[in-house]
Each structure stands twice: as structure tokens, then as C-alpha cells.
Amino acid sequence: PWDATGGKYLAGFEAMDDSTAPGGWTKWRVPGYEYVVIETSLANYGEAFTHTITMLLPEKGLMLAGAVHERYPSPDDPSIVELYFPTQHLAESAID
């Protein structure tokens, strides 16, 4: 997980539930979440990411619940990226 010292970038792709990971790879199952989705450009990626984590989610009473996913919606324009932030309500985290 990301913290003050950094984190890990996990590259991946969608696969069937019954698929087997190739040698040296790990298969991860991403649990269902509610997501906050933003669209940004690669040039504004860092600013948009930071704003969402530090301002937008807390303003909505949400916190990050897992790894943020990237999606590049147009193969013709890889400078546009959608960021999917898995969330949970702050009140739920106090119960867990």
C-alpha cells in the first residue's frame, strides 16, 4: 500500500476467473468496490491523483480502500487516462 515512503505499481489486465497465471506471474482477484472515477491527462495525472486522495474523497466522507486502477479509454489518444479510486465510507472504516 502507498504511504509516506511510497508504494508499488501493479500492472495487470482482466482475465477469466478460471484462468491460470503464466510462470512468474501472480493472479490477483480485485474485490468489488464503489469507485470514484475521474478523467485526466497524463500531464495532470499527479495533481489529479493527489487532489482526489487529499481533498475529494475526504469531502465526500470517503477513504481509499484499495489500489487505484487506470484505464486508457482511447487507443488513439493515450494521453487521456481514467482513474478508478476504490472507496469505502469513513464511518465503515471505524467499524472494521
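**Exercise 1.** Classify the accessibility of Y84, and then that of Y35.

*Solution.* Y84 has a relative accessibility of 25% and therefore counts as partly exposed. The scale calls a residue buried under 20% relative accessible area, exposed over 50%, and partly exposed in between, with a 1.4 Å probe and protein chains only. Y35, at 32%, is likewise partly exposed. These results come from a predicted model, in which local features need pLDDT of at least 70 and side-chain atom pairs count only at pLDDT 80 or more, while totals for chains, interfaces and linings use all residues. Residues are numbered from 1 along each chain as its sequence is written, and side-chain values use heavy atoms, with hydrogens and water left out.

**Exercise 2.** Determine which kind of aromatic pair Y35 and Y84 form, and which kind Y45 and F49 form.

*Solution.* Step 1: recall the rule. Rings of Phe, Tyr and Trp (its six-membered ring) pair if their centres lie within 6.5 Å; planes under 30 degrees apart count as stacked, over 60 as edge-to-face and the rest as tilted.

Step 1: apply the rule. The structure holds four aromatic pairs. In one of them, the ring centres of Y35 and Y84 are 6.1 Å apart and the planes stand at 75 degrees, so this pair is edge-to-face. It joins distant parts of the chain, since Y35 lies in strand β1 (residues 34-41) and Y84 in strand β4 (residues 80-89), 49 residues apart. For Y45 and F49, the centres are 6.2 Å apart and the planes at 10 degrees, so the pair is stacked.

Step 2: Y45 and F49 are four residues apart in helix α1, which means about one helical turn separates them. Helices (H or I, at least four residues) and strands (E, at least two) are DSSP runs, numbered from the N terminus.
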